[in-house]
Amino acid sequence: QFPFGRRLPCDIYWHGVSFHDNNIFSGQVNKFPGMMETVRKITLSRAMRTMQDLFPLEYNFYPRSWILPEELPLFVAEVRVMKDSDPSWKPTFIVKPDGGCQGDGIYLIKDPSDIRLTGSIQSRPAVVQEYICKPLLVDKLKFDIRLYVLLKSLEPLEIYIAKDGLSRFCTEPYQEPTLKNLHQVFMHLTNYSLNIHSENFIHSDSVNTGSKRTFSSVLCRLSSRGADVKKLWSDIISLVIKTIIALTPELKVYYQSDIPSGKPGPTCFQILGFDILLMKNLKPMLLEVNANPSMRIEHEQELSPGVFENVPSPVDEEVKVAVIRDTLRLVDPQKKKRKDAHSSRSRLLQGKVGWSGVSSGASPAKPCVILCRRCPRLEHVPESSESLLDAVPAERPEPDAPRSPEAGLPSLCLKQVFPKYAKQFNYLRLVDRVAALFIRFLGVKGTTKLGPTGFRTFVRNCKLSNSNFSMAAVDILYIDITRRWNSMGIDHKEPGMCLQAFVEAFFCLAQKKYKSLPLHEQVLSLIEFCECHLAALDEKRLLWGWG
Ligand code: ADP
C-alpha cells in the first residue's frame with residue numbers, strides 16, 4: 001500500500017470505486033472509465049430498451065421499465081392500455097431510485113397513481129419496473145443470485161463468468177404482492193443489507209443453508225428436484241453476454257475519451273456483479289449490474305448491544321476469493337513470460353499490484369498500493385459442486401504447458417464465454433457499430449459528445465442527404481434530438497449530442513431510408529451503407545495521400 005501516493009508505475013492497479021487516476025500510462029486498471037455511469041439504473045434501462053427495440057425476443061430477460069419523471073405520462077398511458085386490453089392483468093411495479101443501492105428508497109406499487117411524486121422524484125430520478133410476481137422459491141423464500149463476471153477486455157470483447165455465485169435469501173416466507181404485504185421488505189427484497197436486520201436472518205457456517213448460500217448449493221437442490229440445470233446455466237450465460245453487448249457502446253465512448261488510442265495508456269478489466277432473479281419457470285431475469293460489487297469476506301456480528309465484531313463468512317470466502325484469485329491469474333502480466341521461461345512456482349503474482357480503497361462504497365481513495373504476495377489460504381479454496389462443474393466445464397491448463405506456478409492452484413473458477421460463443425451473439429452487436437461511427441466523428445480527443453459540425457460531416461461523408469433530406473433537415477434533426485436528450489439532464493457538463501441521442505437519430509435515418517423492413521434490418525442496412533461509403537472514402541484518401 002502507498003497511502004500517500006504512488007511513485008512507480010505498476011503492472012496492475014486495483015482501484016476501489018472507479019477509474020479515477022489520470023496519471024496511469026501503462027499496465028492494467030481494474031476499472032473501466034464510465035462503468036459506474038453505464039450501469040446506473042436509468043442508463044442500464046435505456047441501453048436495454050434500445051436492445052429490446054431492436055431484438056425484443058432476445059432481450060425479454062429485462063423487466064419492462066420506465067424512467068421517472070420524464071416517462072411518467074408514458075408509463076400511465078401504457079399501463080392503462082394494457083389493463084384495458086386484459087382486465088384480468090393485476091400488475092405490481094417496483095420503483096427504484098437511480099444510483100441507489102442496497103434497496104435504498106425502493107418501494108412497490110399496484111397502480112401508477114401510487115408513485116410518490118412529492119419532492120424526491122424531481123430531485124432523484126428513478127426507474128419504475130414491472131415487478132416479477134412469481135419468483136422461484138426455495139424453502140418458501142424468495143432469493144436472488146449474485147454472479148461475478150469479469151470483463152477482461154472491451155476491444156476485443158472478452159467475458160468470463162464465475163462458476164459459482166451467491167444466493168441471497170429473503171427472511172419472510174414469500175407471498176404474491178397484495179396491498180397488505182407490499183411494504184414487507186423482508187418478503188419482497190432480497191438485499192443482504194436489509195435482511196441482515198431481520199431477526200430471522202440465519203448466519204450459517206455451511207454454504208448450503210442459511211440466508212446466504214452458494215449458487216451451486218441451490219443448483220444442487222434444483223437438480224435433485226429434476227430441474228434442467230444445464231439449460232439454466234446456458235440461459236444465464238446468454239443473459240450475461242447480451243447484457244454486456246448492450247453496455248459496450250457506451251463504455252467504448254468513455255474509453256476513447258479517457259484513454260485515447262494512439263497515446264500510451266493502461267488497458268482495463270473489471271469484475272462486475274450481476275443480480276439475477278429466477279422466475280418460477282426457471283427463466284433468469286436481470287435485476288441490475290453492479291460496477292463495484294462488495295468483495296467483503298466477513299460479516300459484522302453484534303456480540304453484545306452496540307458491540308460489533310467482524311467474523312469470517314465461509315460462503316463469501318468460498319466464492320469471492322476464487323473470483324479475485326482467478327482474475328489476477330487471468331490478467332497476470334507475468335503469465336506470458338512464464339510460459340516461455342518455465343519460471344518457478346514461487347514467482348506467481350510477482351508483478352506489483354496497485355490497490356486502493358478496497359471496500360465497497362468507499363469514496364474514491366488516494367492511490368495506495370499493495371505488493372501482493374500469494375496468500376497460502378487461497379490454495380485451500382474447495383472446488384464448486386459437481387453439478388455446476390458438469391454444466392460449466394472448468395478451464396484446465398493446456399496439458400503440454402510448462403509446469404507453472406499455477407500448477408498447484410485449483411482449476412480456474414472463471415469460465416470464458418466470449419469470444420467462445422461469439423458466433424451465436426455477434427449479430428446483436430449493431431449498436432456497437434453505430435457507436436464506432438459516432439466515435440469516428442467525435443473529432444476532438446477526450447470528448448463524449450458530438451457537435452453539429454461532426455453530425456453534418458457524418459451525414460455528408462456517408463452520403464445520407466439527398467433531395468428528400470436536405471442539410472437543413474439534418475440540422476433540425478440534430479437540434480431536436482440533442483435538445484430533448486440534454487433536457488433530460490443526465491450530463492449538462494458538455495454540450496452536444498450524446499451517444500444515445502446519436503443512436504436515436506441513426507434509427508430515425510434508418511427508418512426513413514428503409515421503410516418496409518423490421519427495425520434491426522433497417523439499422524443493419526444503414527450501418528452497412530455508412531461503413532461502405534466510409535471505407536471508399538478512406539481508400540480515396542489513402543490514394544490521394546500517395547499521390
Ligand atoms: P438495489 O441496487 O437497491 O439493490 P435492485 O434493483 O437490486 O436495487 O433491487 C433490490 C431488490 O429488489 C432485488 O434484490 C430484488 O430482490 C428486488 N427486485 C428488484 N427488481 C425487481 C423486479 N423487477 N421484480 C421482483 N423483484 C425485484
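## Cis peptide bonds

Pro419 sits in the loop that runs between strand E18 (414-418) and helix H12 (422-425). The bond joining Phe418 and Pro419 is a cis peptide bond, with omega about 15 degrees. A cis bond also leads from Leu68 to Pro69, where omega is near 5 degrees. Pro69 belongs to the loop between strand E3 (65-68) and helix H3 (72-85). Helices (H or I, at least four residues) and strands (E, at least two) are DSSP runs, numbered from the N terminus.

## Basis of the values

This is a predicted model, in which local features need pLDDT of at least 70 and side-chain atom pairs count only at pLDDT 80 or more, while totals for chains, interfaces and linings use all residues. Residues are numbered from 1 along each chain as its sequence is written, and side-chain values use heavy atoms, with hydrogens and water left out.

## Ligand site

Gln102 is located in the loop between E4 and strand E5 (107-109). Its phi is positive, about 55 degrees, although Gln102 is not a glycine. A backbone N or O atom of Gln102 is 3.3 Å from an oxygen atom of the ligand. In the side chain of Gln129, an N or O atom lies 3.0 Å from a nitrogen atom of the ligand. Glu288 places a polar side-chain atom 2.5 Å from a ligand oxygen atom. The protein buries 98% of the 540 Å² that the ligand exposes when taken alone (accessible areas by the Shrake-Rupley method with a 1.4 Å probe).

Strand E4 (93-97), strand E6 (126-130), strand E8 (141-153) and strand E14 (284-290) each give two or more residues to the shell around the ligand. There are 23 residues around the ligand, and Lys96, Gly103, Thr190, Asn191 and Glu288 come nearest (a residue is near if one of its heavy atoms lies within 4 Å). By class, the shell holds 9 nonpolar, 7 polar and 7 charged residues. Here Ala, Val, Leu, Ile, Met, Phe, Trp, Tyr, Cys and Pro count as nonpolar, Asp, Glu, Lys and Arg as charged, and the others, Gly among them, as polar.

## Helices H2 and H8

The axes of helix H2 (residues 41-54) and helix H8 (residues 229-258) come within 9 Å and cross at roughly 110 degrees. These axes are lines fitted to C-alpha atoms over the stretch in contact, with angles from 0 to 180 degrees between N-to-C directions. H2 and H8 are therefore roughly perpendicular (65 to 115 degrees).

On the H2 side, Thr43, Leu44, Ala47, Met48 and Met51 make the contact; H8 contributes Thr243, Ile245, Ala246, Leu247 and Glu250 (contact means heavy atoms within 4.5 Å). The contact has 7 nonpolar, 2 polar and 1 charged residues.

Notes:
A polar contact is a pair of N or O atoms within 3.5 Å; within protein, one must be able to donate a hydrogen and the other to accept it, and residues adjacent in sequence count only if both atoms are side-chain atoms. Angles under 35 degrees count as roughly parallel, over 145 as roughly antiparallel, 65 to 115 as roughly perpendicular and the rest as oblique.
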